[in-house]
Amino acid sequence: TNVQALGSLVPQHETPDMSPKESGYMLVIPQHEPVNTRGRLSAVQLWVIESGAMAVMVLRRKCPESAICPVIRDIRTCSKEDSFCAQLHTCTSTKILKCPHHRLNKVLEFEIVHIIQITVETGHQYVTLTDTPEVLPGDIIGFISTMAKVAYRKPYLKEDPDLGAITFDVKETVIPQEILTSTQKLHYFQAIVNNPIELGVQYLFNKKIGMHDVVMKLSNKFSTIPVIRKQEVDSQRPLSGLKLSVTPPDVSTTEQVVIEIKISGGTFVDVVWEFGDGRSKKEFLREVKKGGKYEKTYKYPEPGVYVIKVRASNPHANFSQSHVLRAQRPVLPIYGVTTNTPQILPSKFQSFFFPFVLLLF
């Protein structure tokens, strides 16, 4: 992580140059330096002489109507002459031969883009923020003392004093330039901005499926104990296909049907068989067997139309197949033969009756 500490150094113990009195300013904007890279405001460090609530602010310069403030290559600039580059502390105009020192009170108004409420105790405080807003190059981190009071000292030679306002309406979204004055003080307040560095390594778990522990150790020449982070990785073979076949495709109510599926590849596969009559069956396959064939036999005792569905899924894929099956009652061979006489048949025609039962669906 790239860390930027904005503001004067904050001692962990009282120092002779620390004033025992409060500064009297409710709103304080340090002129030390702005944010120089995109990141997140993660913490503040300060020396408190009176405990209580306070607010940390992320301030963004508001360009005048005649100026344009784009963010180019992570650097906030203004196109108007006599404006200053927020990061490099130099003039953006090439017409000015000598660039004056970077002073916030001569540049722009400030817009409040984030406010984080915190509570602090007396003495040295390092407060890790639960709300970590994003900050951009050129942003300024200030604070509002509602109840808490922050210690200060006199500026050293060539140090710019903080800007401030004795009173300020916390409901405002913009800090007008005219309310800001030089406090002639440097408050013991420091903002910590983190810019995470992302590291990535590609690795293929192609030999063994299951859970694997990935361990990362970070250290440098100043580390006595490396920082260790561990993460479990679930390695699985992908599921690439599913086929469904039903034999016979239509069936009588007296026969069984064979429902067969063929799964292509995959591990840790969930299979759901739905038979279309409200019944279903679930299976878990840790690893698809060679050939990938699985089957179920089923009987439909009642005639009707049934939609058979089979779903196979794992974390990498999801497949579904269906088949419409018609179950029918068969024709039953029940019949008898009778005549109108028990005698030998004469040459003329006789009547025969063939009663039978025909069951149709």
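Helices (H or I, at least four residues) and strands (E, at least two) are DSSP runs, numbered from the N terminus. Residue numbers start from 1 along each chain as its sequence is written, and side-chain values use heavy atoms, with hydrogens and water left out. The model shown is predicted, so local features need pLDDT of at least 70 and side-chain atom pairs count only at pLDDT 80 or more, while totals for chains, interfaces and linings use all residues.

**View 1. The cis peptide bond at P248.** T247 and P248 are joined by a cis peptide bond, with omega at about -10°. P248 sits in the loop between β20 (241-247) and β21.

**View 2. The whole protein chain.** Let us step back for a moment. The protein chain has 29 strands and zero helices. Buried residues (under 20% relative accessible area; exposed is over 50%, partly exposed in between, with a 1.4 Å probe and protein chains only) account for 39% of the 361 residues. Of the contacts (heavy atoms within 4.5 Å) with a separation of 6 or more, 71% link residues 24 or more positions apart. The accessible surface (Shrake-Rupley method, 1.4 Å probe) is about 22,800 Å², and carbon and sulfur atoms hold 53% of that surface.

**View 3. Confidence along the chain.** The predictor's confidence in each residue, pLDDT, runs from 0 to 100. Its mean over the protein chain is 80, with 78% of residues at 70 or more. Please read residues 70-107 with care: pLDDT stays under 50 there, and the model has 79 contacts beyond four places in sequence for this stretch.

**View 4. Strand β4 and its partner β10.** Strand β4 (residues 52-62) has nine of its eleven residues buried, so the rest of the structure largely encloses this strand. Strands pair if DSSP finds at least two bridges between them; β4 and β10 (residues 140-145) run antiparallel and are joined by six bridges. Look for V56, which stands opposite F143 in β10.

**View 5. An open sheet of five strands.** The order is β21-β27-β26-β23-β24, with mixed pairing. β21 (251-252) and β24 (280-287) are at the edges with a single partner strand each, so one side of each has no neighbour in the sheet. Seven bridges pair β23 (residues 267-274) with β24 in the antiparallel sense, and V269 has L285 in β24 as its bridge partner.

**View 6. The largest pocket.** A pocket is an open set of points on a 1 Å grid over the protein atoms alone, where a 1.4 Å probe fits, with protein on both sides within 12 Å along at least five of seven lines; lining residues have an atom within 4 Å of a point. The largest pocket holds about 190 Å³ of space, the volume being that filled by probe spheres set on the points. Its lining includes L199, G200, Y203, F205 and V233. Strand β18 (residues 210-218) gives the most to this lining, with three residues.

**View 7. Two residues with positive phi.** Most residues other than glycine have a negative phi. K158 has a positive phi of about 70° although it is not a glycine; K158 lies in the loop between β12 (152-153) and β13 (163-165) and is exposed at 78% relative accessibility. F268, also not a glycine, has a positive phi near 55°. F268 belongs to strand β23 and is buried at 17% relative accessibility.
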